[in-house]
Amino acid sequence: MNDQPEDVGLAFIDSCDGMALLMIHGFPFSSAMWEPQVEDLGSITRVVAPDLRGHGRSQPMPGDYSVEMLADDCMGLLDFLAISGPVVVCGMSMGGYVALEFFRQFPEMVAGLILTSTRALPDTAEAKANRDKMAKKAQTEGVSAIAADMLPKLLSPKTYEEDEEVVEFVQEMMEWTSVEGVVGALAAMRDRPDSTPTLAEIDVPTLVIHGADDQIVPLAEAEAMAKAIGAKMVVIPDAGHVPNLEQIDAFNDAVTDFLMTLQDTHDHHHH
Ligand code: MLT
């Protein structure tokens, strides 16, 4: 039995019995980002959503993190909950980097993948340098400075205009993150491997969801990723980088349809 969740003190959501949906949040968010999914989907699937180390209510572990470590923390949580799998893994942005790593490390645990607002390509040299700049800024000026820099890029024009609650929620959620979590996760993203070679190896049903107005991960990159996997792609209008909060119904419908299809495929298998 892996007792990692106790070692690293991870907090998490676990919604019901039934097939598990492991939902991995983005940077520098927490499991709180999945509240509307827990509410709508939590009774049809067992939503398990960790706060990654350093994020949300989990412990602010110091040092550089890696996507291997974060994927391992997720596996440790499933072990802790005695979920022997397979599960559907849904990752948003950085959570998508972790989901792809989770698939590489534990393919037998993955029944399906949902990749949202994410990409397969690694950081460019410029992006890597920017991670280090952001880490310094977090250490000198605090996480609220990082949140302030990120906030204007995260959401769609429509969300900024019409959904003040979502804007405020996202800002607050970022500000809950520890400096350790921000610095650790920036290193994990900076050093993440190129997942392009993994795409051809993905042999489970996969859904790619992307906001039409995502300013952080260009839609074209997500489309190329979906094509390389042979995944179903859902583009959500009037959503930026956080479609699950900006267009809750469209996002939840896409996930529900995908889970139903998986269930059908599964039933078919056993006839
Ligand atoms: C995220 O939203 O998780 C990150 O901003 C993604 C990234 O910076 O690569």
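**Figure 1. Residue classes in the shell around the ligand.** In this predicted model, the shell divides into 5 nonpolar, 3 polar and 2 charged residues. Ala, Val, Leu, Ile, Met, Phe, Trp, Tyr, Cys and Pro count as nonpolar, Asp, Glu, Lys and Arg as charged, and the others, Gly among them, as polar. The residues around the ligand are G26, F27, S93, M94, Y97, R119, R131, M150, M189 and H241. Numbering starts from 1 along each chain as its sequence is written, and side-chain values use heavy atoms, without hydrogens and water. Local features need pLDDT of at least 70 and side-chain atom pairs pLDDT 80 or more, whereas totals for chains, interfaces and linings use all residues.

Figure 2. Y97 places a polar side-chain atom 2.5 Å from a ligand oxygen. For H241, a side-chain N or O atom is 2.7 Å from an oxygen atom of the ligand. F27 uses its backbone: an N or O atom there lies 2.8 Å from a ligand oxygen. The protein covers 94% of the 270 Å² of accessible area that the ligand has on its own (Shrake-Rupley method, 1.4 Å probe; for residues, only the protein chains shown count as cover).

**Figure 3. The largest pocket.** The ligand takes up the space of the largest pocket; to sit there, more than half of its atoms must lie within 2 Å of the grid points. On a 1 Å grid over the protein atoms alone, a pocket is an open set with protein on both sides within 12 Å along at least five of seven lines; a cavity is a set of points where a 1.4 Å probe fits but cannot get out; lining residues have an atom within 4 Å of a point. The pocket holds about 560 Å³ of space (points joined across faces, edges and corners; volume filled by probe spheres set on them). Of its 23 lining residues, N130, R131, M134, K153 and I216 are the closest to the centre. Helix 4 (94-105), helix 5 (125-141), helix 6 (143-154) and helix 9 (179-190) each give two or more residues to the lining. Helix 5 gives the most, with 4 residues. Helices (H or I, at least four residues) and strands (E, at least two) are DSSP runs, numbered from the N terminus. By class, the lining has 11 nonpolar, 5 polar and 7 charged residues.

**Figure 4. The largest cavity.** The count is 1 cavity of 30 Å³ or more. The largest cavity has a volume of about 40 Å³. Its lining is V67, Y97, R104, R119, A120, R192, P193 and S195. These divide into 4 nonpolar, 1 polar and 3 charged residues.

**Figure 5. Backbone exceptions.** Most residues other than glycine have a negative phi, and most peptide bonds are trans. F27 and P28 are joined by a cis peptide bond, with omega about -15°. P28 is in the loop between strand 2 (20-24) and helix 2 (35-41). The G85 to P86 bond is also cis, with omega near -5°. P86 is in the loop between helix 3 (67-80) and strand 4 (87-92). A82, in the loop between helix 3 and strand 4, has a positive phi of about 55° although it is not a glycine.

How values were computed:
Near = heavy atom within 4 Å. Polar contact = N/O pair within 3.5 Å; in protein donor to acceptor, adjacent residues only side chain to side chain.
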